[in-house]
Amino acid sequence: MKSGRDLNPVLDRVDRTLESSLDRLFDFLRIPSISAQPAHAGDCRRAADWLCAELAAIGLDASVRETPGHPMVVAHDRSAAEGPHVLFYGHYDVQPVDPLELWHSAPFDPKLVRNDDGTARIVARGASDDKGQVMTFVEALRALRAEQGTLPLRVSIVIEGEEESGGANLLPFLQANRDELRADVALICDTSMLEGGVPAITTALRGMVGEDVTIHCASRDLHSGIYGNAARNPIELLCGILASVRDADSGRVLLPGFYDGVQDPLAEVRAQWQAIAPSDADFLGPVGLSVPAGERGYSAIEQTWCRPTFEINGMTGGYTGDGFKTVLPAQASAKVSFRLVAGQDPARIRAAFRDHVRAMLPADCTVEFAAHGGSFASVVPSDGPALPAALAALGAEWGHPAVTVGSGGSIPVVSEVKQALGMDSLLIGFALEDDRIHSPNEKYDLTSFHRGIRSWVRVLGALADA
């Protein structure tokens, strides 16, 4: 779509055909494509076939590709002879629905529910994460092809079916198909906007290191009256070791070299974030908190968006059933994670943590570790044309200047796209914090779906002119 070409006919078509777009989304949502449960393997393939057929119906060269796990959907539209080339990524698989009894309606029987204020929400598993988000892009392509006969730029698509169960086959697939999938920039839809209709592009994602750590002491569980004091208690030992990773006063992680390469955000970025969350209570209030617990000298939003952290995610050991049992356990385990920022190496952080645990271990105790993923942080560079063009397009649609935000979470596909294809990503999504993703009664606002389609029309046009 060259400079000055009118987008309004395409946007009008999006508005006129919204009901049909909703019908297609509901068909997609009815497929229980739960990738983590083997009983739904056939449903995952059915979702891939359904999506492939929809992309082919629009006029894309679409196919279902085999992997050692669930299949990928790959599609290309090369109708634009010149200009930028984008690769869109999403996933068709969804989380399990448990606990089922907390759903107000069947999770795979999508409903359009009217809110008290007259707005509406789409309720179903996958409505927000990620089928609704994927379909905003697909429906934008449909409107562009129907109205203009062609897309404004070259588009390739990869939709995976294992994101919710680890995504083990995505990186090998990207590497094996590097020449086919390489583009100028990746577009990833698995993110949110801010409350109040403020569009956002996520420009910083934290990486992650996950670890299982198990400490073994006695050769068997012991009677705490007979052996207490004399025998080592692995729960107490593990608690002390994990507590020593973080300084209680400053909130800083004490592993050697942990902050090597870590930099503070620019002053103008910190000012923008302060405008988003003027106080710590604004950021923490929705979860019933008000005082940040991390590093001193950083606001709550900064602690999650641009600072690394150490968290204990769960601990087990001894007797935890009903009643009481005076047992001294033989072992204790914990699941811990580090969220990393730009400049940190997951392998070095993992090694430093393991060295720290081993150094504090008494001579008659042993430790086992099991790695659970490791990814680098991702930062979208601001010096290219794609980011400002996309921000301007989003602002034009939502009537509010689009902002750049960080994310405390990790989206491994961003680093995998960079590693396999050498491409940066624009993370553009229209989910909201209250969408209840991964929880019962997941929803996606009708406004997010409708204006998400319109947004992609504008973004693709802007990227073509950038």
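How much area is buried between domain 1 and domain 2, and what share do carbon and sulfur atoms give? About 460 Å² is buried, with 52% from carbon and sulfur atoms; buried area is the accessible area (1.4 Å probe) that two parts lose on being put together, summed over both.

## Basis

The model is predicted, with local features needing pLDDT of at least 70 and side-chain atom pairs pLDDT 80 or more, while totals for chains, interfaces and linings use all residues. Residues are numbered from 1 along each chain as its sequence is written, and side-chain values use heavy atoms, without hydrogens and water.

## Domains and interface

Domain 1 covers 8-205 + 377-465 and domain 2 covers 207-262 + 308-375, bounds that come from an automatic or database domain assignment. Their centres, taken over C-alpha atoms, are 38 Å apart.

Seven residues of domain 1 contact seven of domain 2 (heavy atoms within 4.5 Å). Zero salt bridges are counted between domain 1 and domain 2 (a side-chain nitrogen of Lys or Arg within 4 Å of a carboxyl oxygen of Asp or Glu).

## Cis peptide bonds

The bond from aspartate 98 to proline 99 is cis, with omega near -5°. Another cis bond runs from aspartate 129 to aspartate 130, with omega near 10°.

## Positive phi

Asparagine 229 has phi near 85° and, at 87% relative accessibility, counts as exposed. Asparagine 441 has phi of about 65° but counts as buried, at 10%. For these classes, buried means under 20% relative accessible area, exposed over 50%, and partly exposed in between (1.4 Å probe, protein chains only).
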